[in-house]
Amino acid sequence: MRYTAKNVQAAIARGLEDLKVKRQEVKVEVIQSESSGFLGLFKKEAVVELNLLEPTSNGDNTRTEEITTTIENETSELHVSETLPPTMEEIRLSKRKQREAQLQDALLLVGDYLAEVTQKMGIKTEIDLEVSRSEAKYTFRTNQAGLLIGKRGKILNALQALAQDYLEQEVRTHLRIMLNVGDYRQHRQETLAYLAQNTAHEVLYRNQAISLDPMPAFERKIIHAALAKNQEVKTNSHGKEPHRYVTIAPCKE
């Protein structure tokens, strides 16, 4: 029968106790020696197989002792040969799983943080989380959308910045946080693209640059993208966060 324990001696002791026999009454085969692994990872327990020996006369005691000594020597050799460090691929895989678990825990903490903040704001809401390779998107479902969004999204954007800081304090990551209320972000993107096109027409009509109101980086990118193919105007960002803004100017200025 096979027995498992933290080391060979403990596994043998467990087997002897289970079979209610003495050491000299069984044949021990070490199936697997214990291994402490590398940096506490990939530990292995010892596995032994115990088989009852046929009753022997007193004259065979010496032979039994020889068998026991041989087993102990084999155990020592197996312990040395099987205590191998994990491969680099195993280490990388373990570290990646650790990072993923840490990131998942941090994202859940951010969700708890957002729930606590909105509760203190007097807003009843439910929060859904959707994670992609580059973005963690928290979507609020509430009947008080106006209070949560604020004028031109200022409250939502401020809360998004706080959530991003909270995440980066918990874990090192390049993941970007995006907060949304219903389909507000989609409508806002359409509004900004429309604003960019209208402003570009006005710039060409006046033949002078126009500066837009300060907006967060992801909204400035929408302005730049909306006019990227327009060869008659150029866009540039100016100022320092959180007051950085976009200027639209004629190319022939």
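Helix α6 (residues 184–206) has 23 residues and spans 32 Å from its first C-alpha to its last, close to the 33 Å expected at 1.5 Å a residue, where the expected span is 1.5 Å times one less than the number of residues. The model is predicted, so local features need pLDDT of at least 70 and side-chain atom pairs count only at pLDDT 80 or more, while totals for chains, interfaces and linings use all residues. Residues are numbered from 1 along each chain as its sequence is written, and side-chain values use heavy atoms, with hydrogens and water left out. Helices (H or I, at least four residues) and strands (E, at least two) are DSSP runs, numbered from the N terminus.

Several residues of α6 are buried, including Tyr 184, Arg 188, Leu 192, Ala 196 and Val 203; buried means under 20% relative accessible area with a 1.4 Å probe, protein chains only. After α6 comes Asn 207, with a positive phi near 60°.

Turning to the strands, an open sheet of three has the order β1-β3-β2 with antiparallel pairing; two strands pair if DSSP finds at least two bridges between them. The edge strands, each pairing on one side only, are β1 (2–5) and β2 (26–32). β1 joins β3 (residues 46–52) through four bridges in the antiparallel sense, and Arg 2 stands opposite Glu 49 in β3. Helix α1 (residues 8–19) lies across β1, β2 and β3, at about 130° to β1. Here contact means heavy atoms within 4.5 Å, and angles run from 0 to 180 degrees between N-to-C directions of axes, which are lines fitted to C-alpha atoms, for helices over the stretch in contact.

How values were computed: Buried < 20%, exposed > 50% of the residue type's maximum accessible area, 1.4 Å probe, protein only.
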